[in-house]
Amino acid sequence: MLRRIDSSRTRRSTLFIAGIIIMALISASEQLQLIYGITFAFTNIMLLLLIRLFGLRIGLAAGVVTYSSAVLFFNAPLYMVIFLVEACWIGIWQRRKQVPVLVPGIAFWIILGTPLTLLGCYLSGPFSTTEFILLLAVTAANGMFNALISEILVDYLPLRRWLNLDEDKHKPIPFSRALFHLSITIVALPFLVIMIISGWNSYHSSTNTTLQTVSNTASSISDELSQWSDDDKLGVRLHHVIQIGYLNEIINRHTSQKLFDITMRGEHDNLLATTSLKREVDHQKVVTVQPIADNFGIEMPQQQSIMLMPTEQWRDANYVYRLQLENVPVSIAVSVPVESFKEQIFLEYIYHLLYTLGSVLVAGILAYGINRWLSRGLRQLAGSTTNLPIKLKTGVPLEWPNSGILEIDSLVHNFKDMSTNLSLMLQDAERMNQQLRNSEEQLHLMAYFDNLTGLPNRHHFQQTLEAMLADSGHSDQRFAVMFVDLNRFKQINDSLGHATGDVLLQAVASRFTDIAEDQCHVFRLGGDEFVFVLHYVDPSSPVELAERICDCFNMPFELNESVIYTTTSVGISLYPENGSTIDDIVKKADMAMYKAKEQGRSSYHFFDHEMEQSMNDKMHLENGIRRALENKQFFLVYQPKVCPNTGATIGFEALVRWEHHEIGLIPPARFIPLAEASGMILDIDMWVFREACRQSKKWQERGFPLLPVSINLSAKHFDQRNLVENIVEILRETRIDPHMVVIEITESVFIRQMESVIEMLSELRSLGIQISIDDFGTGYSSLSQLQSLPVSIVKLDRTFIKDAEHDARKSAVVRAVIELAHSMGLRVVAEGIETEEERTFFAGLHCDELQGYYFSKPLRSEQFERYIRNEMRSLPFQRRGAEA
């Protein structure tokens, strides 16, 4: 875009400069002729335009081309180059200081123009004082007129905008300057025109008078010679002395007043008689003739080389009237020197110039006076209204001018009204600004501080950490980032209410503020997450602060007449040891906090490289889970559920396994939590559900016993509205009987929206699917809640199984749970049976199903088939009994 603009500007400027140079050449070749070599040229108008618009270098180059062409090719006098000197003078002057162009113009003609003109006249030959004065006056008037016109064109025409001269934008013109231009132009132009016309009239009048005089003289001589006899005419042809004497007598008689010269020549242009030998010498020279009328013109010497001054040729110029007699072989030439008229006409021109100069001075004085009168009030008004809002705001008294001009008085009145309205608006604006400042302060607090605790918030923490990292590039400072999380805060919120949770957070923030030091900042990121940022020098400082954070939870919190005991977990990352970016430091502090949570109670943990390696492994597994689904790396294993009395298989549980192509077999305990966290568990569970139903239906079609298949579903499915539709679609696709499907869910399902969960479970149960609570006793449900849940089976966790036969208290609890579940019509499954003692104990408690490694580990499909076939052969009667 910028290149196109520069290209367009360059193209326009080049065309403009070329056009101006062409116009300057035309002006130099076709000058306005005034009289006797004195001309009026407009070339400098174009050159000064170029200097003002494009600089002295381009203007000077164009001037050199123009005036060199004028002198060399258009026979212009060398004196014309004085205009080029004037243009350079004005350009240099205005380059240093911007002043009206007439100032450097007048200075030029006083300092350089007068001596240069005098030198030129002296070198060109004899000259009169009148000629010098007139030549200097006309040339100076011409130069200043050109400068004035060029300034007016630049000031009032949009040339800069048209040429895209953005670096020198059009500036406003002062009123006094505009009035001066108007006054001088109005006065000078008419007088200039009058002067030119008057000079032309004087010239034509003198020419006509001369023509009348010389033509009458020639006619009188012609009439006298026409009376001669043939002998006299023959004597002229033969150059007889008598006839030649008569001719001399005649021309002397007609030139008695010495106003002109008469020359007579014969048939062969031989001299017969003359009143001036100088005229005869000039006749021998090469002359140029400017015809004026028939037989009448101006003769001047032929220019032999470059002419220095414009009046140089006219010093030897003559008016000449030539008449060829018909009856007498004589030609008459009557000549009058131009010099005899030139002096008088030059004086008239000088008088006109003086009159014009006086008029211009009077006009300038009047313009100055009128400008002072008009602009006084405007200047006072401009001074009063300069920085008007600041003056009104600070209470500076305003002085309004009084003017005798109606329009200015009206303008002053309007400004008074405007200032009054503006003062009221400023008062309103000040009130609005104050409100805006208050709003900005509130917005700042809302943007950077937590509304509940008053601590700096996450955004403030981000900016603080960015500033600290930026400053660390200039120093060796170290700091620690400590992520603090309250343990069991969700349970406190759920049990005591959010209002109590908010009060607890405020109390925690107060304790954190008390332990924060000068080089320590504490922030609340949201929820129960806080973060400390500590500048330190001593390596033990982060440990001491972490211990103080943990110790401040030793005392209970007394809230709303309740006493709450809680603990905290602190994860710590150090700069620059644990990272160089905000993301690195924050992420690693967060990882360390979760490691501290695993330690329990109020504890802290520093980030270490083992944790980083563990995190990298976890990320590697997370990235591989999706590819595992796509590449069919997951497979199912099946673990039998047996009858406590007969030992026959009465069902089985489908469990997912992952065989990574690089790592090998990955335990579920490693990838299931990652799948839960990433949300991929939803796709995995649906794949397991479909594959388990398909395999179970396949075994049924191959004559295997009708065994219910148990399938685990993550609690995350109950956040999805399409769970029931997806299961119905799989049942329809695999054509399995819904009564042969058991869905196992954990108790964490019920910490969600209880009503929607119960509604979805009820829909599944209405299809014939059995619902089992897995790992019962480790979660959030209680025995009293079981009667309101649409479940059919309770599956005791391994923690109830282990050592129950030796521990009387645990045995009593297990016995009570089993009896209560049976009383509510629920079946009980004991999983994790690993010894004969455990099998005997739980069989004696009348559990409905047993599951564990004592009977069989989870088997691949082929192994499970062999297991069932072997069982069918060894326990045919028991199986039929079990099936019945």
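**View 1. Contacts across the whole chain.** Of the contacts in the protein chain with a separation of 6 or more, 66% are between residues 24 or more positions apart; contact means heavy atoms within 4.5 Å. Please keep in mind that this is a predicted model, where local features need pLDDT of at least 70, side-chain atom pairs count only at pLDDT 80 or more, and totals for chains, interfaces and linings use all residues. Residues are numbered from 1 along each chain as its sequence is written, and side-chain values use heavy atoms, with hydrogens and water left out. The chain has 30 helices and 24 strands, which are DSSP runs numbered from the N terminus (helices: H or I, at least four residues; strands: E, at least two). Among its 884 residues, 46% are buried; buried means under 20% relative accessible area, exposed over 50%, and partly exposed in between (1.4 Å probe, protein chains only).

View 2. Strand β16 (residues 634–642) holds Y638 and helix α22 (residues 681–701) holds W699, 61 residues apart. Both Y638 and W699 are buried.

**View 3. Two nonpolar cores.** A nonpolar core is a set of buried Ala, Val, Leu, Ile, Met, Phe, Trp, Tyr and Cys residues joined through side-chain atoms within 4.5 Å. The largest one has 81 residues, of which Y36, L225 and M264 touch the most other members. Helix α6 gives this core its largest share, nine residues. Among the residues that M264 touches, not counting those up to four places away in sequence, are I221, L247, V330 and I332. Another core, of 75 residues, lies apart from the largest one and includes W658, M760, L786 and F864.

View 4. Which strand is mostly covered? Strand β20 (residues 741–746) is, with five of its six residues buried. Strand β19 (residues 709–712) pairs with β20 in the parallel sense over four bridges; two strands pair if DSSP finds at least two bridges between them. Look for S710, which stands opposite V742 in β20.

View 5. Most residues other than glycine have a negative phi, and most peptide bonds are trans. A cis peptide bond joins Y575 and P576, with omega about 10°; P576 lies in the loop between β14 (568–575) and α19 (582–599). N295, in the loop between β5 (287–293) and β6 (296–301), has a positive phi near 65°. R488 also has a positive phi, of about 60°, and is found in the loop between β9 (478–486) and α16 (489–496). N295 is partly exposed, at 46% relative accessible area, and R488 is partly exposed at 48%.
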